[in-house]
Every structure is written in structure tokens, then in C-alpha cells.
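Thank you all for coming. Please take a moment to look at the sequence and the structure on the screen, and then I will go through a few parts of it with you.

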Amino acid sequence: MPPIDYAVLRFLWWAFLGLLLIGFAVTDGFDLGAALLQPLVARNDTEKRLLLNAVGPVWEGNQVWLILGGGAAFAAWPPLYAVSFSGFYLAMFLVLAALILRPVAFTFRSKLEGVGWRRIWDWAFFVSGLGPALVFGVAFGNLFLGVPFRFDETLRVTYEGGLLGLLNPWALLCGLVSVAMLAMHGGTWLALKTEGPLAQRARSAASWASIVLVALFTLSGLWIAYGIHGYVVQGTIDPTAPSNPMDKSVLRAVGAWLANYGIHRWLMIAPALAYLGAGATWTLLRAGRSLPAFLASGVAVAGVIATGGISLFPFLLPSSIDPRSSLTVWDASSSPTTLFIMLVATAIFLPIVVAYTGWVFRVMRGPVTADELERDGDNLY
């Protein structure tokens, strides 16, 4: 047996999965945000090329966090991976299709100088940012309502939903929260990495997005508190027992998703970071301090995602048609040996990833200028 308790390993991997989601949103999130802001902030061909080159050197490396998240779900939470990737198959397909558009738009936009040609790839780039931002938020929102799946007595899963069923008012609100959040984050990145009118419009867009984020985040909190039935495990659950999602009883109750904050008041730091980060972003952008504003925006993004994860805990994937089938941290993990070996590997390789990412951002620091496009245009997007 591993030297670390099974319950501790499960909790650590839940926290690590959340960290990966935050890492993806904070890094690749500003790429998506910059793309969805393109029609609003870039007015001519030079500005559109500046926007592309503001995110071009780093977006591929930022994708590592998405790959790590998928790998962690596959290895640490096999039932979660199986149910979510099967149930959200069409939604995942739309996300992948949009993400595939991004490198294609980067590569092909400047191959020809025709206005029509470049306009096509400009819209493709816009879709590659808006689509994932919206779909990720919608998918995350559906977790609070429950996903229509169930296990039978042999733990075979049946999914009874469809793509259109995901597009309910609550989930669409969560999608808009995601869009506003990433628009704010992308705008602060463009304000940091560009100059002149483009940076000014990005600064304005990010300021407005921070206000919209606070409003929508507040509305979603009220909706969770008074309009959504959360999930509660009835009785006690053994956090060290072998994984079997059917060995529990689950009840639903209005406001149950806020129970963790009542038990542990200090967890309120998560939504507080979301509000403080968004407020600081607005204040710093108005003061023209782009780098601190970008960092504050990252804090807000982390706060929003942490709030969602803490609210759901210990649930990973609730079931709307059979609450007993819901997957939790304590009954949907791999074996203790698998979790421990992966933890050791993560402790070795994750710092390398973080160090390399930091080095890349340091090398690529500084704004992209129109003079660079004229001087070295053939080697830029």
C-alpha cells in the first residue's frame, strides 16, 4: 500500500484537477478572450495582425494545461472521464472543432493579401475563441443541474441526454459568465502586449467585461442559492473504501450547493477572490497599469473556477436521473497505488512544465508593435 492515506490521495487529486482547470483558464483563457474580442478591438489589418502576434508565441504552450487536465481525468478519475466524454461528446466535438480553427487561422490568414480571404480567417479566429469559452461555461453549468446518466447493477453507464438539453437558461448564464471572464482576461493581455488605439480599446473592453462578470457572477450565486436543487450525500461515506458510486444515497435540496461555505467559512475566500480580482482589474485598467491588471484578472479567473469546484465538492459529476449514480471524490477514483505513482510523477514533471512556461513568457515579454510587423513581417502571423 502507498505511504499516503487513500482519502488524502483522493483529495489531493481533486485539488490537482482543479489546479489544472485554473491553469488552463488563466493561461489559455487570455488566448480565447483575445480571439473573441477581435471584432471589437481590432479595426484594420495591422491591428488584427498585432492581435494575432500578441498571443501567437504562447498559445500552443498554454494548451498543455488542457491536455494535462484530460490526462488527469483519464488516469485519476476513470468513471468521470468515461461519463463526461461520452455524455458531452457532441459538445466536446464542437470545442475541438473550434480549437482546430485557431491554428489554421493563425497559419493561413496572412498567406494571401485579399480582403475576403483575410476576413474569412478573422471570423474563424473569432469563433475559435467564442465557441470554447461559451461551451466550457455551459458544460460546467450543467454540473450543478446534474447530467442525465445512470449506472446499472454491473456499473455499465447509460446516458440519456443530448446536445440541446445542455442549452438550458442556467447553463447559458454560466456560459455568459465564462465569456465575460475570458473577455476580461483577454482584454488585459492585449492591453499589456499592444500599444496605441488597439491597447486602449482592449483596455476599455476588459473594463466593461469585468463589470459584466461581477453582475453575472452575482446573479449565478443568487440562482444557486434560491433556484437550484443541490446534491447532498445522505449518511456517512467511507473516503477510503473501494470506488463504487452505487454504495451511497443522495438527496437533493435547494441551496445545498452552498453548504460547504456554511461548514467552513474560510472557503468564502474563493468568491471573494473573484470579486476582488475583477474589481482590481477594473481599477488598475482605469489607472493604465496593464501588468498588475492582467495579474488581478488571473486572480479573478482562479476565484470563479475555485468557487464552482468548492460548491460542488465532494461531487464530480452529479446525475439528474439517478442521484445515487452521481460520481464523487470518494467513489470514482483509481486505486491508491495508481494515484500515488501519478502523484510522484506529477511532483517531478509539473515544476518543469511551470518553469518552462515561465521562461517562455519571460522571453516573449514586451509589446508587439507595428514596426516589428514592417521589419520582420514575413516571420510573423
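Before anything else, a word on confidence: pLDDT is the predictor's confidence in each residue, on a scale from 0 to 100. We need that term here, since what you see is a predicted model. The protein chain averages a pLDDT of 91, and 99% of the residues score at least 70. Within the chain, confidence is highest in helix H11, residues 269-286, at a mean of 97, and lowest in helix H14, residues 370-376, where the mean is 76.

Let me turn now to helix H2, which runs over residues 45-55. Eight of its 11 residues are buried, so H2 is largely enclosed by the rest of the structure. Among those buried residues are Glu47 and Arg49, and also the run Leu50, Leu51, Leu52, Asn53, Ala54 and Val55.

Finally, the second largest pocket, which has a volume of about 540 Å³. It is lined by 25 residues, and the closest to its centre are Val26, Thr27, Phe294, Thr357 and Phe361. Helices H1, H8, H12 and H13 each give two or more residues to this lining, and H1 gives the most, with six. And what is the lining made of, by class? There are 16 nonpolar residues, seven polar ones and two charged ones.

Note on methods. Residues numbered from 1 in each chain as written. Predicted model: local features only at pLDDT ≥ 70, side-chain atom pairs only at ≥ 80, totals over all residues. Heavy atoms only, no water. 1 Å grid on protein atoms, 1.4 Å probe; cavity = no way out; pocket = protein on both sides within 12 Å on 5 of 7 lines; lining within 4 Å. Points joined across faces, edges and corners; volume = space filled by probe spheres on them. Helix = DSSP H or I, 4+ residues; strand = E, 2+ residues; numbered from the N terminus. Nonpolar A, V, L, I, M, F, W, Y, C, P; charged D, E, K, R; others polar. Buried < 20%, exposed > 50% of the residue type's maximum accessible area, 1.4 Å probe, protein only.
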